Amino acid sequence: GNVASISSKPATVKDGAKYARKAEKALAKGEVEKAIAYAERSVAGVGSDPETRALLGQAYLAAGRLASAERSFLDAMELGKSDVRTILSLSLAQLGQGKADKAKALVIENRQFIPAADYGLALALTGDSKTAVEILEQAIRESNVTGRTRQNLGLAYALDGRWKEAKLMALQDVTPASVNDRIMQWAQMARPGAYGTRVATVLDVTPVANDPGQPVRLALRPVQVPVSVAATSEQDYEREVASFDRNSPLPAIGPA
């Protein structure tokens, strides 16, 4: 019947918008496989749109498919996306695959887009706990500091082996009864080279061992269309696609 004929036609920009919205809804509900399927269809329709590529990356990331996520975020950035959520997500996708140097170089290169609390966290996770501590100590002196920044500093202390300070930081936002749990969690993350554990904990995902990678048919081709043309047809849904702020920011460790 009707369905077959629809799916065999190449997806249009309008389809892309529709599937992006469906992917977002599925992702918000935690229906990750569904989100991936919709986001892949969306990218098939509007492959030159950076928002759609980033959305696909978030769907892969939620599934723990780090290699696929890395590819999608790289594509999104190549198309001009440079928001904090995309950069940090790409960095975590790389880190979870053990590419610590790449992950660190990426955040340093994009320093101007990243708030101090996130920048410090990213550096700590990639192994530069000394610099992370300096940045986060500075950040917690700001007037509007949040618990998340303090907990990021606590984690940075832990990764730097400064357990007394780590515990004092944890105590500021966690009930005394659960401080030991948090310290245990930080200890797991502080093991040398435990990048997979760090990423799994921060994102609350289980990295997949055999990620098949992004489907070849979705590979980014050199962009032929002038950007302005692409932008006009797709503007109607760009603001619908997830941004870093709308989903709560990356937590230090679980909900603080």
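Visitor: What makes R65 and D211 a salt bridge?
Guide: Their side chains meet at 2.9 Å, N to O. A salt bridge needs a side-chain nitrogen of Lys or Arg within 4 Å of a carboxyl oxygen of Asp or Glu, so the pair counts. R65 sits in the loop between helix 4 (50–62) and helix 5 (66–78), and D211 in the loop between helix 13 (195–203) and helix 14 (227–238), 146 residues apart. This is a predicted model: local features need pLDDT of at least 70, side-chain atom pairs count only at pLDDT 80 or more, and totals for chains, interfaces and linings use all residues. Residues are numbered from 1 along each chain as its sequence is written, and side-chain values use heavy atoms, with hydrogens and water left out.

Visitor: Why is R65 called buried?
Guide: Its relative accessibility is 14%. Buried means under 20% relative accessible area, exposed over 50%, partly exposed in between (1.4 Å probe, protein chains only). Therefore R65 is buried. D211, at 17%, is buried too.

Visitor: How do you know whether K14 is buried or exposed?
Guide: K14 has a relative accessible area of 67%. The cut-off for exposed is over 50%, so K14 is exposed.

Visitor: How do you know how far apart R71 and D75 are along helix 5?
Guide: They are four residues apart, which means about one helical turn. Helices are DSSP runs (H or I, at least four residues), numbered from the N terminus. The side chains of R71 and D75 meet in a salt bridge at 2.9 Å, N to O. R71 is partly exposed at 36%, whereas D75 is buried at 2%.

How values were computed. Helix = DSSP H or I, 4+ residues; strand = E, 2+ residues; numbered from the N terminus.
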